[in-house]
Amino acid sequence: HEPLDPARLTRVRGWVISDPDFQRDRLRFSFQVEQVAVPAGWRSCRGTVRVSVRAPAADFRPAYGSRWEMPLRLRPGKSFRNPGAFDYRLALEADGIHLLGSLKSSRLAESLPGEGGFAPLVAIHCLRSRWKARLDASFHDPKGQESRRFLAAILLGEREGGEGRTDALFRRTGVYHI
């Protein structure tokens with residue numbers, strides 16, 4: 001095993017294991033790596049990477065189960081080792097994320113044939129994505145973002161998208177887990 005060099009691109013193949021999350025100008029998703037490019041070809045390598053791509057192209061659609069090949073800059077999550085502070089690396093590990101990967105441009109990702117994952121989950125994630133898109137379209141106005149977040153959390157279990165006014169209320173009343 002070579003040590004990770006964040007300055008070097010690593011070409012990986014695998015499949016998307018989460019619904020993509022678009023925040024501000026970034027798209028993030030979890031990616032199950034199956035193979036890594038080595039000088040002699042491809043080597044089997046398993047691990048989960050949280051991929052981030054800035055300003056993705058409109059036609060870049062990494063849905064759950066879709067297979068991709070892409071060049072990533074890989075790095076471990078960084079913890080600042082402040083006593084009592086949030087430990088980002090530990091939080092990533094708790095979510096099953098081994099490394100962080102940045103994709104310079106979505107145009108560099110190549111879609112591969114076939115699907116990964118559990119077939120019934122592909123259909124469920126597809127339906128969930130359509131519902132989420134409907135909520136986004138219905139509450140596109142900035143004033144409706146709190147309502148969109150609330151409905152996405154209650155109906156779809158969506159937790160991404162930042163803190164809203166209701167998050168603290170949910171935690172205090174003990175219903176945040178819903």
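Strand E5 (residues 66–75) and strand E6 pair in the antiparallel sense over 3 bridges, where strands (at least two residues) and helices (H or I, at least four) are DSSP runs numbered from the N terminus and pairing requires that DSSP find at least two bridges between two strands. Within this pairing, Leu 74 has Gly 101 of E6 as its bridge partner. E6 (residues 99–103) also pairs with E4, in the parallel sense and over 5 bridges; Ser 52 stands opposite Ser 102 of E6. The model is predicted, with local features requiring pLDDT of at least 70 and side-chain atom pairs counted only at pLDDT 80 or more, whereas totals for chains, interfaces and linings use all residues. Residues are numbered from 1 along each chain as its sequence is written, and side-chain values use heavy atoms, with hydrogens and water left out.

The chain contains 4 helices and 7 strands, arranged along the sequence as β-β-β-β-β-α-β-β-α-α-α. Of its 178 residues, 35% count as buried (buried, under 20% relative accessible area; exposed, over 50%; partly exposed, in between; 1.4 Å probe, protein chains only). Among contacts (heavy atoms within 4.5 Å) between residues at least 6 apart in sequence, 61% join residues at least 24 apart.

Trp 68 belongs to strand E5 and is buried, at 8% relative accessibility. Although Trp 68 and Gly 14 are separated by 54 residues in sequence, their C-alpha atoms lie 5.7 Å apart. Beyond residues up to four places away in sequence, Trp 68 touches several others, including Val 12, Val 16, Phe 31, Phe 60, Pro 62 and Leu 112. In strand E4 (residues 41–54), Thr 48 is likewise buried, with a relative accessible area of 7%. With the same exclusion of sequence neighbours, the residues touched by Thr 48 include Ile 17, Phe 31, Ile 97 and Leu 99.

The whole structure holds 10 salt bridges (a side-chain nitrogen of Lys or Arg within 4 Å of a carboxyl oxygen of Asp or Glu). In one of them, the closest N and O atoms of Glu 110 and Arg 11 are 2.8 Å apart. This pair links distant parts of the chain, Glu 110 lying in strand E7 (residues 110–115) and Arg 11 in strand E1 (residues 9–16), 99 residues apart. Both partners are partly exposed, Glu 110 at 41% and Arg 11 at 24% relative accessible area. Arg 54 and Asp 25 form another salt bridge, at 3.1 Å from N to O. Arg 54 lies in strand E4 and Asp 25 in the loop between strand E2 (21–23) and strand E3 (26–38), so the pair ties together parts 29 residues apart in sequence. Glu 34 and Arg 46 also form a salt bridge, with closest N and O atoms 4.0 Å apart; it links strand E3, which holds Glu 34, to strand E4, which holds Arg 46, across 12 residues. Arg 46 is exposed, at 61% relative accessibility. Salt bridges with shared partners join Arg 11, Arg 13, Glu 69 and Glu 110 into one network.

The search for disulfides (cysteine sulfur atoms within 2.5 Å) returned 0 for the whole structure.

The chain exposes about 11700 Å², of which carbon and sulfur atoms supply 57% (Shrake-Rupley method, 1.4 Å probe; for residues, only the protein chains shown count as cover). Phe 118, Leu 121 and Ile 124 form a nonpolar surface patch with about 290 Å² of accessible area together. Patches comprise residues with over 30% relative accessible area and no salt bridge, like charges being joined within 9 Å and nonpolar side chains (Val, Leu, Ile, Met, Phe, Trp, Tyr) within 5 Å. Leu 121 lies in helix H2 (residues 119–138) and is partly exposed, at 33% relative accessible area.
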